[in-house]
Amino acid sequence: MRADRIARLHRRSKQRIEGEAGAVVQAKKIVLYVIFVFVAYTIITSPERAADLVQVGFEGVSSAAQGVGDFMSELVK
């Protein structure tokens, strides 16, 4: 009898966790959709500004990579 009760509680707990995980997945889908719509809107309404933002992003990544490279070079010396 007690094992039955424990098994039922375990199933309920598992179902609740799976339900929460499903809600997180759904929220991620919504956030990604909103980001996609925002990016598309930005590109359509102001392509020059969007290009500037992409360029700034690439410059930031390039600077970060250069910094990591410099750091690794100094470690080797």
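The following dialogue discusses how to read a predicted model of a protein chain.

Trainee: How many helices and strands are there in the protein chain?

Mentor: In this predicted model, the chain has 2 helices and 0 strands. Helix H1 covers residues 2-45.

Trainee: What share of the residues counts as buried?

Mentor: A residue is called buried when its relative accessible area is under 20%. Of the 77 residues in this chain, 3% fall into that class. The accessible surface of the chain is about 7,200 Å², and carbon and sulfur atoms account for 67% of that surface.

Trainee: Does threonine 42 count as buried or exposed, and why?

Mentor: Threonine 42 counts as buried because its relative accessibility is 17%, which lies under the 20% limit. Threonine 42 belongs to helix H1.

Trainee: Which residues is threonine 42 in contact with, leaving aside its neighbours within four places in sequence?

Mentor: With those neighbours set aside, threonine 42 is in contact with Pro47 and Ala50.

Trainee: Which residues form a nonpolar patch on the surface?

Mentor: A residue must have over 30% relative accessible area to be included in a patch. Here the nonpolar patch consists of Val31, Leu32, Ile35, Phe38, Val39 and Ile43. Together, these residues have about 580 Å² of accessible area. One of them, valine 31, is found in helix H1.

How values were computed
Residues are numbered from 1 along each chain as its sequence is written. This is a predicted model: local features need pLDDT of at least 70, side-chain atom pairs count only at pLDDT 80 or more; totals for chains, interfaces and linings use all residues. Side-chain values use heavy atoms; hydrogens and water are left out. Patches are made of residues with over 30% relative accessible area and no salt bridge: like charges are joined within 9 Å, nonpolar side chains (Val, Leu, Ile, Met, Phe, Trp, Tyr) within 5 Å. Accessible areas come from the Shrake-Rupley method with a 1.4 Å probe; for residues, only the protein chains shown count as cover. A salt bridge is a side-chain nitrogen of Lys or Arg within 4 Å of a carboxyl oxygen of Asp or Glu. Helices (H or I, at least four residues) and strands (E, at least two) are DSSP runs, numbered from the N terminus. Buried means under 20% relative accessible area, exposed over 50%, partly exposed in between (1.4 Å probe, protein chains only). Contact means heavy atoms within 4.5 Å.
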